[in-house]
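Please keep the sequence and the 3D view open while reading.

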Amino acid sequence: MPKKPALNRLFKLCGRDWGGWHLHLFLSQAEVRVLACKAMADDEALKAALRSGQDFHKYVASIIFNIPVESVTPDQRQLCKSVNFAVLYGAQAARVAAQTGITEKAAEAFIAKYMATLPGVKKFQESQHRRSLIEGCCWSAFGRRRLLSSDVFSQSEIERRSVNTPIQSTASDITLTSYTRSYNRIKEYGMRSLSYLFVHDSLGFDVYPGEFFDLYEILHHELAVMPPEVYPWLDVPMQADGDAGFSWGNLAKIERLDRNNWKFKGSNDNCGALVHLLQKAGHTFRYGVDGGADKDDNFTWILEVSR
């Protein structure tokens with residue numbers, strides 16, 4: 001979503017054509033999952049965090065601070081989250097300090113502790129730095145090569161890109177491969193929903209009336225289930241999340257509980273609009289609101305769908 005106010009408002013008003021609504025699925029923490037896999041850092045602590053099913057940043061913080069997950073404070077989680085992404089994007093201690101409000105010296109100390117706790121990550125970084133300087137390039141898990149010439153980039157920029165590019169490129173190609181597989185299945189089943197967006201780790205579709213639930217299941221399966229014959233090096237689980245609504249500014253989060261039971265989470269207006277669109281498309285179901293609003297004034301609606 002663009003950050004400039006004028007463009008942001010325009011995107012939020014964007015509706016779809018025949019379906020009248022968006023279906024948007026995306027890989028959750030795709031780059032962190034790629035970093036952990038055996039083609040990159042091959043770090044067992046990171047893999048355990050991703051396999052645990054718990055809040056990833058809290059879990060890693062509990063490892064670094066050597067405390068139970070439930071004892072991790074919001075500040076500790078935010079600090080760990082900032083360092084997680086600093087590793088991915090090649091940011092230095094100064095940026096971590098600016099994002100978290102701690103001193104640069106404290107940020108340096110925490111990054112050092114982070115690397116000592118996750119030795120696979122440190123080893124991966126050092127290996128990528130050496131290899132890029134020797135070979136003048138870096139490689140993704142899919143075999144894509146990026147040239148890193150010292151005639152074009154400074155040494156620090158070469159080192160940053162040698163870590164960031166393989167992760168970002170691999171994550172993007174996972175989404176692209178999943179999109180291709182999804183497209184083939186959609187065509188095989190004769191579905192009429194249209195793809196209108198593919199951005200790095202996200203897929204956007206214009207939903208044709210009556211195809212919502214089947215389309216969601218196809219996209220979610222292809223994004224979250226990684227066949228070993230296609231991704232032999234991907235030994236961590238992937239997670240796909242989704243949302244839907246009649247415009248970018250009116251989306252509700254979607255979770256499939258089972259074939260006939262679904263969960264929508266968002267404002268009452270957004271959830272209600274999504275239910276109304278499903279009714280117009282001919283779906284029949286029972287629904288109810290699960291509890292009250294959360295701290296962000298979002299509600300959870302549970303749907304039991306007849307399919």
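A residue is called buried when its relative accessible area is under 20%, exposed when that area is over 50%, and partly exposed in between, with a 1.4 Å probe and protein chains only. Helices (H or I, at least four residues) and strands (E, at least two) are DSSP runs, numbered from the N terminus. This is a predicted model, in which local features need pLDDT of at least 70 and side-chain atom pairs count only at pLDDT 80 or more, while totals for chains, interfaces and linings use all residues. Residues are numbered from 1 along each chain as its sequence is written, and side-chain values use heavy atoms, leaving out hydrogens and water.

**The whole chain**

The secondary structure of the protein chain comes to 11 helices and 10 strands, and its C-alpha trace spans about 60 × 45 × 40 Å along the principal axes. Of the 307 residues in the protein chain, 45% are buried.

**The nonpolar core**

A nonpolar core is a set of buried Ala, Val, Leu, Ile, Met, Phe, Trp, Tyr and Cys residues joined through side-chain atoms within 4.5 Å. The largest one has 80 residues, and Leu 23, Phe 212 and Phe 264 have the most contacts inside it. Helix H10 (residues 212-224) gives the most to this core, namely 8 residues. Contact means heavy atoms within 4.5 Å; when residues up to four places away in sequence are not counted, Phe 212 touches several residues, among them Trp 21, Leu 23, Val 207 and Phe 264.

**A covered helix**

Helix H4 (residues 56-65) is mostly covered, since 7 of its 10 residues are buried. The buried residues of H4 include Phe 56, Tyr 59, Val 60 and Ile 64. The table lists helices that are included in what covers them.

| Helix | Residues |
|---|---|
| Helix H2 | 30-36 |
| Helix H3 | 44-51 |
| Helix H5 | 74-89 |
| Helix H7 | 104-117 |

**A residue in a loop**

Phe 153 lies in the loop between strand S3 (145-147) and helix H9 (155-188). Because its relative accessibility is 19%, Phe 153 counts as buried. Leaving aside neighbours within four places in sequence, Phe 153 is in contact with Leu 147, Leu 148, Ile 158 and Arg 161. The C-alpha atoms of Phe 153 and Gly 136, which are 17 residues apart along the chain, are separated by 11 Å.
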